[in-house]
Amino acid sequence: MIKVGVNGYGVIGKRVAYAITKQDDMELVGIAKTKPDFNAMTAIEKNHDVYCSIPENIGLFERRGMEIRGTINDLIEKCDVIVDATPGKIGAKNKPLYEKAGIKAIFEGGEKADTVQCSFNALCNYEEAIGKDYVRVVSCNTTGLARTIRPMLDIADIGRIRAVLVRRAADPVQSKKGPINAIVPVTKVPSHHGPDLKTVLPNIDIVSMAVAVPTTIMHLHTIMVELKDNISKDEIIEAWGKTPRVKLISSEDGFISTAEIMEYARALGRYMGDLYEIPVWEDATNIKDNELYYIQAVHQESDVVPENIDAIRAITGIEKNARKSIEKTNKSLGIR
Ligand code: NAP
């Protein structure tokens with residue numbers, strides 16, 4: 001059993017911690033928090049051992065009556081791997097802690113690619129991560145792009161990819177973020193998402209732009225792909241249909257927006273009502289003048305969760321076959 005600790009128990013950390021508890025080849029040793037809030041309360045109620053990531057803050061937990069097991073250093077000592085799900089750029093600051101203890105760590109998409117030995121997406125470059133000490137699971141948006149672009153590379157000769165990302169303003173829990181009544185262009189053009197995707201799919205040609213809109217439940221991507229050969233829409237749909245963690249949907253089934261997708265996800269009854277798969281509108285997919293057009297959505301809070309589990313298997317080398325790890329993770333999380 002691989003012993004795993006999760007540093008940071010927020011939007012991503014709590015979901016990764018849950019997913020670890022569903023695996024039979026790894027165990028959750030504990031989680032680390034800086035402060036005793038409702039997330040710490042959740043962890044305690046779920047019988048997770050809670051550690052304090054800022055040693056001077058131990059007294060804060062004691063004052064709130066929350067029992068903790070020690071500091072982040074105590075957690076690190078008991079683990080083979082740490083999943084660092086702290087806010088962007090904090091992971092890089094934490095890295096020396098893991099290096100000093102000689103343990104492996106997985107970072108999230110808010111960290112820069114040069115913090116680690118390789119970025120990670122299970123479908124794209126699982127093998128590259130085998131045996132590495134420090135990897136970064138690419139962001140929710142990049143994971144979404146990777147899932148639907150990677151299978152196309154097996155069946156078509158593709159040219160430039162253009163992606164316009166419509167980003168959620170905030171996660172549902174973020175009461176202080178916005179906008180709540182505006183559309184905000186990301187004025188760094190092209191956006192960072194294209195180069196980020198190239199960290200796991202280096203040989204593609206992609207440019208991206210983004211805007212943020214007042215919604216919390218999902219991102220949405222509109223994607224255009226130049227096709228250099230005569231591939232049909234049906235062949236592309238068939239390839240997505242065979243790709244793990246991609247879900248074909250249609251407006252004919254009532255999926256007319258991200259709202260119905262998340263209603264469907266909540267009814268599936270998975271942890272937190274999550275949707276790990278990338279839904280792609282089959283009926284919005286079309287080819288015109290050798291250019292493929294399609295629209296997909298991303299449940300930003302959860303699509304990276306199964307990738308974290310696969311990343312743990314890859315860096316520890318307990319499973320060297322990407323497909324086998326993907327299948328095992330999918331089965332454990334109810335992903336069909
Ligand atoms: P989050 O909800 O803000 O949670 C961050 C966690 O890290 C909290 O438990 C927080 O603990 C802890 N933390 C804060 N400051 C810390 C510090 N100095 N040292 C140690 N722990 C600290 O963040 P998140 O949204 O889960 O994001 C985590 C990572 O995942 C980021 O790299 C982000 O870019 C990436 N990501 C996020 C999303 C998304 O949609 N949210 C999607 C994909 C990837 P306290 O609350 O106790 O301070």
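**Ligand shell.** I looked up the surroundings of the ligand in this predicted model and found 22 residues around the ligand, where a residue counts if one of its heavy atoms lies within 4 Å. The closest are Tyr9, Ile12, Lys33, Thr34 and Asp171. I sorted the shell by class and got seven nonpolar, nine polar and six charged residues. Asp, Glu, Lys and Arg count as charged, Ala, Val, Leu, Ile, Met, Phe, Trp, Tyr, Cys and Pro as nonpolar, and the others, Gly among them, as polar.

A backbone N or O atom of Val11 is 2.9 Å from a ligand oxygen, and a polar backbone atom of Gly10 is 3.3 Å from a ligand oxygen. From Arg168, a polar side-chain atom lies 3.0 Å from an oxygen of the ligand. The protein covers 82% of the 890 Å² of accessible area that the ligand has on its own (Shrake-Rupley method, 1.4 Å probe).

**Helix pair.** I checked helix α7 (residues 140-155) against helix α9 (residues 233-241); their axes come within 9 Å and cross at roughly 120 degrees. Helices are DSSP runs of H or I with at least four residues, and axes are lines fitted to C-alpha atoms, with angles from 0 to 180 degrees between N-to-C directions.

**Basis.** Residues are numbered from 1 along each chain as its sequence is written, and side-chain values use heavy atoms, without hydrogens and water. Local features need pLDDT of at least 70 and side-chain atom pairs 80 or more, while totals for chains, interfaces and linings use all residues.

Definitions and conventions. A polar contact is a pair of N or O atoms within 3.5 Å; within protein, one must be able to donate a hydrogen and the other to accept it, and residues adjacent in sequence count only if both atoms are side-chain atoms. Helices (H or I, at least four residues) and strands (E, at least two) are DSSP runs, numbered from the N terminus.
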